Amino acid sequence: MSSTLSNNAMTSLKRSLAADPFASNISSKVYVRSTKSGKVQKIVRELYLRQDIPCSSKLCTSCLKTAPRDASGVLAPLVLSAKPAGTKKYKQGHYLVPDTNALLNALDLFEQTAAFYDVIILQTVLEELRNRSLPLYNRLIGLTKSEEKRFYVFFNDFRLETYVVRDPGESINDRNDRAVRRAVKWYGEHLTEAVKAAGGNSKSVPAVVMLSDDKENLTKAKRDGIDATSLKEYVGGLENADQLLDMISVVKEGRELRDARSAEALYAEYFSVSKMMTGVKNGTLHQGIFNVSPYNYLEGSIKVPAFDKSLIVLGRENINRAVHGDVVVVEVLPKDQWKEPSTKIIEEESMNRDENADADEGEAVVTEKERKALQEEVKKMHSKSSEGKPQPTAKVVGVVKRNWRQYVGHVDESSVSQSAKENRKQQTVFLIPMDKKIPKIRVRTRQAGEIIGKRVLVTIDSWDRDSRHPVGHFVRSLGDLETKGAETEALLLEYDVQYRPFPKAVLDCLPAEGHDWIVPPSTDDPGWKDRKDLRHLDICSIDPIGCQDIDDALHARPLPNGNFEVGVHIADVSHFVKPNNAMDAEASIRGTTVYLVDKRIDMLPMLLGTDLCSLKPYVERYAFSAIWEITPDAEIVKSDFTKSVIKSREAFSYEAAQIRVDDETQQDELTTNIRILLMLSKKFKQKRMDAGALSLSSPEVRVEMESETSDPIDVKTKKHLATMSLVEEFMLLANTSVAAKIYEAFPQTAMLRRHGAPPKTNFEELANQLKVKRGCELKVSSSKELADSLDACVDPQEPFFNTLVRVMATRCMMSAEYFCSGTQAYPEFRHYGLASEIYTHFTSPIRRYADLVAHRQLAAAINYEALHPAVRSKGKLEAVCKNINVRHRNAQQAGRASIEYYVGQALKGRIVEEEGFVMKIFSNGFVVFVPRFGIESLIRLRDLADPEPESVFDAENYVLRTSGNREVEVELFEKVVVRISDVLEEKTGKRKVKLELVGKGSK
Amino acid sequence: MAPSSALQQVLLSPAELSYLHTSLASTPPIRPDGRTSRQFRPLIAESNILPGTNGSARICFDDGTEAIVGAKAEVEKSRPVFAAREEEGEGEEMAEGQGEGGERGRNEWVDISVEIPGMRDDDSMPVFLSALLSEALLADGGFTRKLWINRRFHWKLYIDILLLSQPLSYPLPLLSLTTHLALLATRLPRLKSEKDEDPMFDDDWEASVFLFPQSQTAKPPATLLVMAVSSNIIFDPSKEELAVAEVVLAVSISSSPSSFTPESEMDVGERKGGSLKLLAVRTIDPPSRLTHPGVPNVVNTATGGTATDNMEMAMAREEGVWKSPRGGAKRKLIAEMIRKVLEKGGVGEEVLDGLEAVGLE
């Protein structure tokens, strides 16, 4: 019998591509997507290939004909210059096409202004980069947007000629590499043709050079006959090559080196991602953000949702290459390894002083010294009575997300070999970051001699199992240590403050009139629509001396019925900053204005901040007014919000206003009005206090500068004046009323600010300290109770004690945060510190973005204008809140750090004796707080005498006794006299005050 | 016995039926379309026609019947093991006693739906066909075991079978072959996680693995339709041929991994021959039973005959007058039909090889 299925009978038919006239334009992309909920989907995306994606070179005319135009028929401007720069090798000029590795290893290079212009970023590369590193991707996007660098994103995977189909059996990486090569080749041919068509000389066609660090890719490029070079080779051919070469990541190089030596792993291997995810889901592993203790670099803590208290991570092995800020997964250690958080100060500097950066061999993860320090800890733990409560410890088993950024620091001079200082041999040095929580970074550099004594910027590239320290590379030098420019820039970089000048797109959003802009004289002008004319009111502003961005102004006047009319007028910034334009976007990224001692980094361009929006005296300005009718007992009868036009009569400083109020002879209307305000504000304050508002304290000092050189000359603590709380009370009033109003109008999307009640555990330590040392009880169950018990914490002999306790209590608080009302339940809206049910920021739109959003929402709530979709979307608002919360915190920290720096500078070369208080106590040192300068600093036992005196630490009673060559007994909250001098801290390269213990008691 | 109601009644006169029957019963049988008894209708087959599925196929017979099958896999959490005890009744159907570290599948991990135009999904025909097809798939438990990921997770495989054309002939072989082809082409994302972790998969589709790797002998099952007229065994019968069939069998086979023999199987004759393995056999009610018998001239008053009470007797006497088949099939005949499917170099092997060749392209 014949066969059942003859071969020709059973024909296989694939969809015939030739039959479809558009077939060559269609391709598809297939991949597997795993969703968060655990679904696994096969995704097929159809790709429609086109031929009208321009090459964007100014040499080419053919692309212009077909390039797509926008709705108004305008062509996107061409990016790549017609005469790109040349190098020795490519004299005719060249365009660069980096592949993904090149960007991953050396994005810093591309950000240089010295070289790397006319770069073509391929879509393939861009997408690959996004998958590998989001921060780098964002930086690259920033680069492509800057016009001067001429980076062009070419969508090669959508262009017919440059699209490559993945071959069977080809890996994705190989396919992408091939796509890059194809694009490079196409560019080369395309440009040659373009130049020919224009009648140019074929010799003048710029070379298209592929940059890659992948050997195989380079070899294949040679074979395909396209220009390709490794980063190193390319950079080597540029001027200032040494400086640029340092910016290439050392990852690959280092690995090759070490492979050759086959060094053994020092750290435990991380778990696989799936193992971590399963563990976290099951609850056997925990995920959280890794924080390093500021006092002990070998101790980290991680707050996980599963437990109330943070888990402690002790020792290098357990920290397992986690760096402060990383999102890590930890495993709780068995109970016998639980420990108490260390009472000892351990600093990397003092521990591993003499390490050799170049030596890699024979080093253990934990040096002997470190081990000893830890042993002592354990011993102490064991010798402890049952009262000692060991806390659960944990071990890092994996890193979910690295939060590495660029770090500012300086080179550890001792790690630089003398010979290398002169020659330019490449060597490895240690870089000590300014942030003590960041471990030292090993950096290979050729410029060791030059960067000693400089503030430098570095990035961490990797931290392998076989390396004790993370490996990074040098980005750029900011300048000499302790120069104002370098230190300020360092600060801004450390706290991620955007300090670049406003781009042109932002400045284009400003009113065309510039400084000549005035409130339209005719009330028929559209600007006057729905605006109340309040120019007749006696409005004045009260601000710190020298304030230029005046956000707020006030007025008060008695009404015929015996009540008062009080108005708070806020600069109408939302009139000038429209939602979703470039200026709005920039402001939302900056989030807040940052105040440093000698510098202000504005959220909005100067023109608005200090002129058009600022409620300057004697000129008419647009404002957003909140007007209340208030009884003499400070009860609010009615409130009203309106856009307005005002004319401030005077801009007072706090001091001037105070003098005026105190001066009985001043009986003019303005002064009497201020007195009314003052009277009301006191009543408001009392009411707030009765409701349980906290009066907290943080040390605030002001650095006095010499007016011309702006060199710091003195440090003064800020004085508190009644006029300050006057302004504060009315701002609080305005904020609370506006919060209630916008919440009523937009229950889901109101921009509010909350301050969570701190968990009890935060106060445990402080409550115990107060109980043991002073017999005071700290009640924390409500803000009212806390406020009362803080009031009770007084020491009749020591008036400052109460303030000290308040300072310490402040540090136990949660930080307040912005949020979108739809994300929290109403009871969670509470502002703990102000004891207010609902709160927002409304009164400083010039310097805070949240206020600007509140303005827009309030304007919509009073039907002044329609609410822009951007301020209506919960998702968008949440993103905004998240960003401004971070920016806000950074701005505060930057401000504090700036003061700290200048206090150090002001004290430079001086020796002062001052009173201080013991704030925190360790087994080998203690922290003293000096109120006069608002500084706190550590005094180590080894600073007391040399050799370090023996000590006994009574942790239960917070007493540290030393014996031997210096006998002292120091206890918590004790008043001491310290000698303050300045010293250049080796560890961070910061000039810091150094305290020495002179004696106990008063001066 | 399975219903055959799906088939439209074949509109053939008793005389035509009789003619057809006689031709098929002669040696060698003469089939209306000229095929030999073992020859299949020419067909067009292609696989991976639906890019969104994990595997798909289309087969088109030259009589115009056409089917598409798509298989889609989803990750599902397995029910905890203790639940298995509660339903021991189903236990028999479930794959049992498979060692290999407790990798065992459950029948509920496969969901087969059959759609036939003009029929509701609860009509007997689609329900029966999907039962028949899943029976073959689930018969030895080897298939569901392939869907095991770890103790906590498994793939759930949805097989959607769609008959595109009217059911001109009995659609079982078409659907089965298409399903077979689709399963051959089915790929699952490659697992990256280990052991009982939450599964994580390689996002590269190229790296995905075949459900039935080409290197392994295990292949998805196929169900063939075999009929017999007197002692002649005929494969892949057409609609007209079925109208005169005396016995119709649906034989499910798969290529057998040499070491493996199914424990519980339907008790039907010899079960082995060559490298093929018999999974299931079902008899199908041949539509010929519903045909009207012819009336012999002797009893037909219209042609001058006389009516008789005993129609049976009269028909038995007359040669060439159509009478619908009665009674069961002979055991020997059924055994012979199965043997022909399973024997080395037999129809079964040829079909499987032919389909694999399509899958390979």
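What follows is a set of questions and answers about a predicted model.

Colleague: How many contacts beyond near neighbours in sequence does the stretch 359–364 of chain A have?
Modeller: The pLDDT of residues 359–364 of chain A is below 50. Beyond near neighbours in sequence, the contacts of this stretch in the model number 2.

Colleague: What share of the contacts in chain A with a separation of 6 or more comes from residues 24 or more positions apart?
Modeller: Chain A contains 29 helices and 38 strands, and 40% of its 1003 residues count as buried. For contacts with a separation of 6 or more, the share from residues 24 or more positions apart is 68%.

Colleague: Which element gives the most to the side of chain B that touches chain A?
Modeller: The two chains meet through 35 residues of chain B and 31 residues of chain A. On the chain B side, β1 (43–47), β3 (66–77) and α10 (347–360) each supply at least two residues. By class, that side has 15 nonpolar, 7 polar and 13 charged residues. The most, 5 residues, comes from α10(B).

Colleague: Is strand β32 of chain A mostly covered or mostly open?
Modeller: β32(A) spans residues 925–930. A residue is buried if 20 or more other C-beta atoms lie within 10 Å of its own. By that count 5 of the 6 residues of β32(A) are buried, and the strand is mostly covered.

Colleague: Which residue in the turn between β32(A) and β33(A) has a positive phi?
Modeller: On one side, β32(A) pairs antiparallel with β31(A) (residues 912–922) over 5 bridges, with Phe917(A) and Phe929(A) as bridge partners. β32(A) is also joined to β33(A) (residues 935–940) by 6 bridges, again antiparallel, and Val930(A) stands opposite Ile935(A). The β31(A)–β32(A) hairpin has 2 residues between its strands. In the β32(A)–β33(A) hairpin there are 4 residues between the strands, and the one with a positive phi, about 60 degrees, is Gly934(A).

Colleague: Why is one side of β34 and of β36 in chain A left without a neighbour in the sheet?
Modeller: The open sheet has 3 strands in the order β34-β35-β36 (chain A), with antiparallel pairing. β34 (950–954) and β36 (969–971) stand at its edges, so one side of each has no neighbour in the sheet. The reason is that each has a single partner strand.

Colleague: Which residue in β35(A) stands opposite Phe953(A)?
Modeller: β34(A) and β35(A) (residues 959–963) run antiparallel and are joined by 5 bridges. Opposite Phe953(A) stands Leu960(A).

Colleague: At roughly what angle do the axes of helices α3 and α5 of chain A cross?
Modeller: Thr124(A), Val125(A) and Glu128(A) in α3(A) meet Asn176(A), Ala179(A) and Val180(A) in α5(A). These residues divide into 3 nonpolar, 2 polar and 1 charged. The helix axes come within 9 Å, and the crossing angle is roughly 145 degrees.

Colleague: Is Arg402(A) buried, partly exposed or exposed?
Modeller: Arg402(A) lies in the loop between β13 (394–401) and β14 (406–411) of chain A. Its C-alpha atom is separated by 7.9 Å from that of Val323(A), 79 residues apart along the chain. Because 18 other C-beta atoms lie within 10 Å, Arg402(A) is partly exposed.

Terms used
Residues numbered from 1 in each chain as written. Chains lettered and ligands numbered in written order. Predicted model: local features only at pLDDT ≥ 70, side-chain atom pairs only at ≥ 80, totals over all residues. Contact = placed C-beta atoms within 7 Å. Nonpolar A, V, L, I, M, F, W, Y, C, P; charged D, E, K, R; others polar. pLDDT = per-residue confidence, 0-100. Pairing = 2+ DSSP bridges. Axes fitted to C-alpha atoms, helices over the stretch in contact; angles between N-to-C directions. Buried ≥ 20, exposed ≤ 12 C-beta atoms within 10 Å, placed from the backbone.
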